[in-house]
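Subject: Structure for you to look at

Hello,

Here is the structure I promised to pass on. Please open it and keep it beside this email as you read.

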Amino acid sequence: MAVTDVASLLPLAAVAIPAVAIPLIYASRSNPTLREAWTFLAALGSLAVVVVMVRSPVTYVSSLGSLAGVELALRGDAAGLLFALLASTLWVVTSVYSVGYVRSLDEHDQTRYFAAFAGSIAATMGVALASNLLTLFVFYELLTLATYPLVVHAGTKAARAAGRTYVVYTLGGGVLAFAGILLVAVLAGTVAFVPGGIVELAASNSTLAQVAFVFLAVGFGVKAALIPLYKWLPTAMVAPTPVSGLLHAVAVVKSGVFALSRTVLYVFGPETMWDLGVGLPLAIAAAVTMVVAGLVGIRQDNLKRGLAYSTISQLSYIVLGLAIATPLAVFGALLHVVAHAFMKITLFFVAGIVAVETGEKYVSDLAGVGRRLPVTMTVFAIASAGLVGFPLVAGFVSKFTLVVGVAEGPAPVLVAAYLVAGLLKLLYFWPIVYAAFFGQRDGSTPASKHAFAPAHAPQGSYSSVSIAKSGSHATDGGEVATRFERVGWERRTMATETTSLMLVPILVTVGFAVLLGVIPGSLPFWDLAETVVAEVFG
């Protein structure tokens, strides 16, 4: 069925709504309730616009003018809408969680925090809906600038160092990506996204086309956290948990993966990529990253760093599927973009609840936490099972599809990487879950410790009640003041284990993960992924 492009302000609105929220949030700095209301309204408005585009039989296009003779435009095709729907949905959930989080820790600079979040989502929407490489690049770089204040939010020495690392890696990758875009423009005379690849590029000089692909793959591979370009991601875990959850499990890292998918599927095309001989090296890089990140991850005692290495591995699940580029592998990769997002953001949110309610951020200190936070840790167990690949959770559906799709491709031996990586996820997550529910806080039983992650050196601890009373600006990802002495894991109230503003979001995200595992076709993501495959492969 032919797709009809219709000029509309809807794609622009998806970007503009969160952008307009920035000055409104700053203007409401003296009224926290109004400031949070603007955040919620912007998140809901952006989601509503995306839903309208998803449900429409036509493809909406917004022109943004031109730059260097190239039209800048936003276009709501299937691939873009899949990413935009994912990011806008999770922004709504994260907005609720963020309010509970910053209130619980009495975070400093909350206005700047919410404004930077809105700017980051605006840039993410631009990346998702970009109609060509140049438009994507503009928003891709804006995303780096918008997220920097969130990475350094804690204001500590570690946060500033992480911010420097983040900027060097991501802006450096942007320079390479821009070089690739220029080379594509010279070789093909266009930087437009064409399903199945640009014909003129396939007929161009093969050596220069290979160079262009390498520039784009490496440049976008920075945010996709491919080896050896991944070290910024664990370092950036000093950011507050909502930032780690949405931006480092969805928006930032997925913008890198999404840009790679545009390169593979809409610039070079699967056939040209393999004809040029660049598909296999990309696949091998993804497979190596998948396994190495898993090996490093099981040795992490800091919970958020362990989750970060898991993210690095899981991103390569997607990249490997894109590199092999069979229809089923691409379909599985697109499904895993969604499945991983819901599961990983759930795990980060749980880490935040644990930090807020118990003051703990190390795996070696979590023995028995499941008895203090039973609902929270049960949610953690379900999302972990999904990342491992257990049935009835979204990760099983996407991973099974990826395995079958890669097995059908030109390098079926790389299926082993999925199996090894899945085992490594099990070796990391299961000991955490077991210790949380069956371990003893005095460490008197083997169940109290992680089997592979060595315990950190004792640094003192604190209670969430102490933080609330102190007015400290401590966050779970920053330098935690050590003057707080443990007074026990205290409940917020006798009836609940944490505030509903934090508990409800994890129930929503894990609910989506289970829904996608049990009835994967019940949400629009499935149909959008099928449409992308049909466009690219015919």
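Predicted model: local features only at pLDDT ≥ 70, side-chain atom pairs only at ≥ 80, totals over all residues.

Residues are numbered from 1 along each chain as its sequence is written, and side-chain values use heavy atoms, without hydrogens or water.

**Helix pairs**

Two packed helices are described by the angle between their axes and the distance between the axes. Helices here are DSSP runs (H or I, at least four residues), numbered from the N terminus. Axes are lines fitted to C-alpha atoms over the stretch in contact, and angles run from 0 to 180 degrees between N-to-C directions.

Start with helix 12 (residues 279-297) and helix 13 (residues 303-324). Their axes come within 8 Å and cross at roughly 160 degrees. Helix 12 and helix 13 are therefore roughly antiparallel (an angle over 145 degrees). Contact means heavy atoms within 4.5 Å. Residues of helix 12 that meet helix 13 include Leu282, Ala286 and Met290. On the helix 13 side, Tyr309, Ile312 and Leu320 are among them. The contact of helix 12 with helix 13 has 13 nonpolar, seven polar and no charged residues. (Nonpolar is Ala, Val, Leu, Ile, Met, Phe, Trp, Tyr, Cys and Pro; charged is Asp, Glu, Lys and Arg; polar is the others, Gly among them.)

Next, helix 3 (78-105) packs against helix 20 (residues 500-518) at about 150 degrees, with the axes 8 Å apart. That makes helix 3 roughly antiparallel to helix 20. By class, the contact of helix 3 with helix 20 has 10 nonpolar, three polar and one charged residues.

**Cavities**

A cavity is a set of points on a 1 Å grid over the protein atoms alone where a 1.4 Å probe fits but cannot get out; lining residues have an atom within 4 Å of a point. How many cavities of 30 Å³ or more does the whole structure hold? The search finds four.

The largest cavity has a volume of about 120 Å³. Its lining has 14 residues, and Leu82, Phe258, Ser261, Leu334 and Val337 are the closest to its centre. Helix 10 gives the most to this lining, with six residues.

The second largest cavity holds about 80 Å³. Its lining includes Leu335, Val397 and Trp526.

Best wishes

Definitions and conventions. Helix = DSSP H or I, 4+ residues; strand = E, 2+ residues; numbered from the N terminus. Parallel < 35°, antiparallel > 145°, perpendicular 65-115°, else oblique. 1 Å grid on protein atoms, 1.4 Å probe; cavity = no way out; pocket = protein on both sides within 12 Å on 5 of 7 lines; lining within 4 Å. Points joined across faces, edges and corners; volume = space filled by probe spheres on them.
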